[in-house]
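Welcome! Please take a moment to look over the molecule shown here, and then we will walk through it together.

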Amino acid sequence: PVIARGSPTLRRAVEASGGRVWSAASDRELRRLFLEVLQELRDRYLVTYIPPEPVTAGWHKVDVRLNDARGDVLARPGYWVSTKR
């Protein structure tokens, strides 16, 4: 199946992975967005989380926020733990 730019399916997949959809209407806008993406890659942080044992099966919501700081947070909304471990 073809997934159109900005389609609900694409947006749901991107949001579930903690990402963002980029869309450009012109070559000039594409260049600007590309430079913006490069800057975001330079400015990013990687935060890891290891849940305490025992880990329960099912969906676990994740809420990532900044305390006393300004910025955008892009993170997955949660993670799934299988009943088979």
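## Salt bridges

Three salt bridges are present in this structure, which is a predicted model. One of them joins the side chains of aspartate 63 and arginine 65, with 2.8 Å from N to O. Arginine 65 is exposed, at a relative accessibility of 64%.

Where do arginine 32 and glutamate 29 sit relative to one another in helix H2? They are three residues apart in this helix, which covers residues 27-43, so about one helical turn separates them. Arginine 32 and glutamate 36 are four residues apart in helix H2, and that spacing is again about one helical turn.

Glutamate 29 is partly exposed at 28%, and glutamate 36 is partly exposed at 31%.

## The overall fold

Stepping back, you can find two helices and two strands in the protein chain. Their order along the sequence is α-α-β-β.

How does the radius of gyration of the protein chain compare with that of a compact globule of 85 residues? The chain has 17 Å, whereas such a globule would have a value near 12 Å. Along the principal axes, the C-alpha atoms fill a box of roughly 50 × 40 × 20 Å.

Contacts tell another part of the story. Among those in the protein chain with a separation of 6 or more, 32% are between residues 24 or more positions apart.

## Surface and charge

How much of the protein chain is buried? Of its 85 residues, 13% are buried. The chain exposes about 8000 Å², and 54% of that area comes from carbon and sulfur atoms.

The protein chain carries 15 positive and 10 negative ones. Between the centres of these two sets there is a distance of 5 Å.

Technical notes
Residues are numbered from 1 along each chain as its sequence is written. This is a predicted model: local features need pLDDT of at least 70, side-chain atom pairs count only at pLDDT 80 or more; totals for chains, interfaces and linings use all residues. Side-chain values use heavy atoms; hydrogens and water are left out. The radius of gyration is taken over C-alpha atoms; the globule rule is 2.2 Å times the number of residues to the power 0.38. Buried means under 20% relative accessible area, exposed over 50%, partly exposed in between (1.4 Å probe, protein chains only). Contact means heavy atoms within 4.5 Å. Accessible areas come from the Shrake-Rupley method with a 1.4 Å probe; for residues, only the protein chains shown count as cover. Lys and Arg count as positive and Asp and Glu as negative; His and the chain ends are not counted. The place of a charge is taken as NZ of Lys, CZ of Arg, CG of Asp or CD of Glu. A salt bridge is a side-chain nitrogen of Lys or Arg within 4 Å of a carboxyl oxygen of Asp or Glu.
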